[in-house]
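Please look over the sequence and the model shown next.

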Amino acid sequence: MVSQTFKNLSATKKERILTALLHEFTAHPLKEAKVAPIVKEAQIARGAFYKYFTDLNDAYAYLYQQALLDVHAPFSRKMTLSEMEHATREFITKATVSPYFEFLRLHLTVNEKPLAVKENKPLQPTKVWAAMTLCHQTIREALADPTFQEDYLLRLEQSLALLSERKSI
């Protein structure tokens with residue numbers, strides 16, 4: 001978990017560190033990432049890095065949290081299933097929408113299994129959970145195999161349409 005010292009940093013310094021983390025973890029899988037390029041780009045001492053984060057896994061988990069906040073921002077309001085499908089399509093097909101796209105692609109295709117980041121979230125209503133699960137799986141498959149991106153998106157659209165037809169689950 002990120003330290004209180006990190007939380008107390010100025011917004012500018014936090015942003016510099018976040019950018020350095022994003023560059024390192026987008027350029028390298030977690031198992032190949034190094035602290036040295038992060039501290040150099042962020043213009044902080046190596047000791048400061050360890051004052052802010054326990055280790056690289058901790059820094060990665062922090063960045064992953066920030067990426068999820070960014071990607072899930074459109075879902076902060078109630079959305080129809082069609083809007084959820086559209087937001088998923090936008091994320092997959094327009095990689096420039098999120099600065100975290102490449103980071104998340106690497107996370108889902110390489111880093112996810114060894115890291116096993118755990119989230120403690122309250123239970124979502126069943127249809128919301130089902131729709132989110134379908135959207136996440138579509139993103140995972142489309143990023144891992146872009147050749148069939150449109151097929152995955154069509155399956156998502158059809159699945160969400162079926163889900164919306166059900167009166168109760």
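## Aromatic cluster

Phe-6, Phe-49, Tyr-50, Tyr-52, Phe-53 and Tyr-62 form one aromatic cluster. Rings of Phe, Tyr and Trp (its six-membered ring) pair if their centres lie within 6.5 Å; planes under 30 degrees apart are stacked, over 60 edge-to-face, and the rest tilted. The whole structure holds nine aromatic pairs. In one of them, Phe-49 and Tyr-50 have ring centres 5.1 Å apart and planes at 85°, so this pair is edge-to-face. Phe-53 and Tyr-62 have ring centres 5.9 Å apart and planes at 45°, so that pair is tilted.

Buried means under 20% relative accessible area, exposed over 50%, and partly exposed in between (1.4 Å probe, protein chains only). Phe-49 is buried at 0%, whereas Tyr-50 is partly exposed at 40%. Phe-53 is buried at 1%. Tyr-62 is buried at 11%.

## Basis of the model

The model is predicted: local features need pLDDT of at least 70, side-chain atom pairs count only at pLDDT 80 or more, and totals for chains, interfaces and linings use all residues. Residues are numbered from 1 along each chain as its sequence is written, and side-chain values use heavy atoms, with hydrogens and water left out.

## Ser-3

Ser-3 sits in the segment before helix H1 (4-7). Helices here are DSSP runs (H or I, at least four residues), numbered from the N terminus. Ser-3 is buried, with a relative accessible area of 17%. Residues up to four places away in sequence aside, Ser-3 touches Lys-51 and Tyr-52. Contact means heavy atoms within 4.5 Å.

## Helices H2 and H3

The axes of H2 (residues 11-27) and H3 (residues 35-42) come within 8 Å and cross at roughly 145°. Axes are lines fitted to C-alpha atoms, for helices over the stretch in contact; angles run from 0 to 180 degrees between N-to-C directions.

On the H2 side, the contact residues include Arg-16, Ile-17 and Phe-25. H3 brings Pro-37, Ile-38, Glu-41 and Ala-42. By class, this contact has seven nonpolar, two polar and three charged residues. Ala, Val, Leu, Ile, Met, Phe, Trp, Tyr, Cys and Pro count as nonpolar, Asp, Glu, Lys and Arg as charged, and the others, Gly among them, as polar.

## Helices H8 and H9

H8 (residues 126-144) and H9 (residues 149-165) have axes that come within 9 Å and cross at roughly 170°. The two helices are therefore roughly antiparallel. Angles over 145 degrees count as roughly antiparallel, under 35 as roughly parallel, 65 to 115 as roughly perpendicular and the rest as oblique.

Residues of H8 in the contact include Leu-134, Cys-135 and Thr-138. Those of H9 include Tyr-152, Leu-156 and Leu-163. Ten nonpolar, four polar and three charged residues make up the contact of H8 with H9.
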